[in-house]
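Please examine the sequence and the structure shown below. The briefing that follows is arranged by topic.

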Amino acid sequence: MKFYGVQKGRQPGVYTTWEACRAQVEGFSGAKYESFKTSQEAEVFASGSSGQGAPRKERRRKRAPKIHGPVGIWVDGACLQHAEGGMRFGWAYLVMEGGQELHRANGNDVSPEAHVHRNVAGEITAVLRALAWCEHQRIPAATVYYDYQGLASWPQGSWKAKMPFTQAYVKAVRNSGMVLTWKKVLAHSGEPYNEVVDQLARAAAQGKCQE
């Protein structure tokens, strides 16, 4: 089975059939897509963490923003039970510089093989998308605010990544070229930015994604 990563197309993400992939890239100027043997490789490519650029819908700024202070990245994921059965997934991130919002994004294009990780699948995807955006904006360093310990412990090496999806995550974070500081926050504690990404991730799982 092949997995198709669409980095630039109508809807960047991972697709499991050529027909679905073709619908995103055929006739789309400058489309970027590749086939992979694993969904994890396709997810990393689609996220832009391979260094080939961020997905089209996240290219909000043509020039790198002027950074005057520490950059903070807040991430979260969601896994919701659908009324008709099955689970629905979402991811979200928010990039702040001081008290100024630089960028926010959310989506529900979480790799199918990562669904076993539930919420964590969305959180990992959020980190990958955020780092891809920062890389595109030439932001060299940031503090990542998270509520699931594995997001920091896997790339730092204190937890061993045993699953293909988490192993691909570790590789992507370590190869991002960014200097990262990790700071854990308590989920649902009223921390404003954490609440923002929580709501965005849940909205994405419900199909309410920002363009």
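Thr17 caps the N-terminal end of helix α1, with a side-chain oxygen 3.1 Å from the backbone nitrogen of Ala20. Helices (H or I, at least four residues) and strands (E, at least two) are DSSP runs, numbered from the N terminus. The model is predicted: local features need pLDDT of at least 70, side-chain atom pairs count only at pLDDT 80 or more, and totals for chains, interfaces and linings use all residues. Residues are numbered from 1 along each chain as its sequence is written, and side-chain values use heavy atoms, with hydrogens and water left out.

**Helix α1**

- In α1 (residues 18-25), Cys21, Gln24 and Val25 are buried (under 20% relative accessible area, 1.4 Å probe, protein chains only).
- The buried residues of α1 fall within an arc of 85 degrees when seen down the axis, so they line one face of the helix; the arc is that of the directions from the helix axis to the C-beta atoms.
- These buried residues pack against β1 (3-8), β2 (13-15) and β3 (32-36), where contact means heavy atoms within 4.5 Å.
- Gly27, with a positive phi near 80 degrees, follows α1.

**The open sheet**

- Five strands form an open sheet of mixed pairing, in the order β6-β5-β4-β7-β8; two strands pair if DSSP finds at least two bridges between them.
- The edge strands, β6 (100-107) and β8 (179-184), each pair on one side only.
- Strand β7 (residues 141-146) runs parallel to β8 and is joined to β8 by six bridges.

**Trp91**

- Trp91 belongs to strand β5 (residues 87-97) and is buried, with a relative accessible area of 0%.
- The C-alpha atoms of Trp91 and Asp76 are separated by 6.0 Å, although these residues are 15 residues apart along the chain.

Notes. Buried means under 20% relative accessible area, exposed over 50%, partly exposed in between (1.4 Å probe, protein chains only). A polar contact is a pair of N or O atoms within 3.5 Å; within protein, one must be able to donate a hydrogen and the other to accept it, and residues adjacent in sequence count only if both atoms are side-chain atoms.
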